[in-house]
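Please examine the sequence and the three-dimensional structure shown below. The briefing that follows describes how the parts are arranged, topic by topic.

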Amino acid sequence: MMAEFILRIDGMHCGSCVRRVTQALNSIGGVEVEEVRIGAARLKSSDETPPVDAAIAALAKVGFSARLEQ
């Protein structure tokens, strides 16, 4: 079963931002990027506990802050 989670992402303004976010999230093992749009990303994880911290850290490395949508 895949666990789904949504991240709210600050600082995205254009298509280039969407590409950078998508690339960063695709670099995380065990995560499938479902959708990235300005301001949010929907992800699925094969892990029982989604790697939220890893996703947030990957986004921070490319200049974006993110938080888990509650």
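In strand E4, Arg67 is the bridge partner of Arg8. Likewise, Leu68 in E4 is the bridge partner of Leu7. Helices (H or I, at least four residues) and strands (E, at least two) are DSSP runs, numbered from the N terminus. This is a predicted model, in which local features need pLDDT of at least 70 and side-chain atom pairs count only at pLDDT 80 or more, while totals for chains, interfaces and linings use all residues. Residues are numbered from 1 along each chain as its sequence is written, and side-chain values use heavy atoms, with hydrogens and water left out.

**Pairing of the strands**

- Two strands pair if DSSP finds at least two bridges between them.
- Strand E1 (residues 3–10) is joined by 4 bridges to strand E4 (residues 65–68), and the two run antiparallel.
- E1 is also joined to E3 by 6 bridges, again in an antiparallel manner; in E3, Ala41 is the bridge partner of Leu7.
- Strand E2 (residues 31–37) and strand E3 (residues 40–45) run antiparallel and are joined by 6 bridges.
- Glu35 stands opposite Arg42 in E3.
- E2 and E3 form a hairpin with 2 residues between them, and Gly39 in the turn has a positive phi of about 100°.

**The sheet as a whole**

- The 4 strands make an open sheet in the order E2-E3-E1-E4, with antiparallel pairing.
- E2 and E4 stand at the edges with a single partner strand each, so one side of each has no neighbour in the sheet.
- From one strand to the next, the twist averages 25°; angles run from 0 to 180 degrees between N-to-C directions, and axes are lines fitted to C-alpha atoms, for helices over the stretch in contact.

- Buried means under 20% relative accessible area, exposed means over 50%, and partly exposed lies in between (1.4 Å probe, protein chains only).

**Ser45**

- Ser45 lies in strand E3 and counts as buried because its relative accessibility is 0%.
- The side chain of Ser45 reaches the backbone oxygen of Gly30 at 3.4 Å and the backbone nitrogen of Asp47 at 3.1 Å.
- Leaving aside neighbours within four places in sequence, Ser45 is in contact (heavy atoms within 4.5 Å) with Met1, Met2, Ala3, Phe5, Gly30, Pro50 and Pro51.

**The helices**

- H1 lies across E1, E2 and E3 and runs at about 170° to E2.
- H2 packs on the sheet and touches E1 and E4, with its direction at about 30° to that of E1.
- The axes of helix H1 (residues 15–26) and helix H2 (residues 52–61) come within 9 Å and cross at roughly 135°.
- H1 and H2 are therefore oblique to each other; angles under 35 degrees count as roughly parallel, over 145 as roughly antiparallel, 65 to 115 as roughly perpendicular and the rest as oblique.
- Val21, Ala24 and Leu25 of H1 and Ala55, Ala58 and Leu59 of H2 make the contact.

Definitions and conventions
A polar contact is a pair of N or O atoms within 3.5 Å; within protein, one must be able to donate a hydrogen and the other to accept it, and residues adjacent in sequence count only if both atoms are side-chain atoms.
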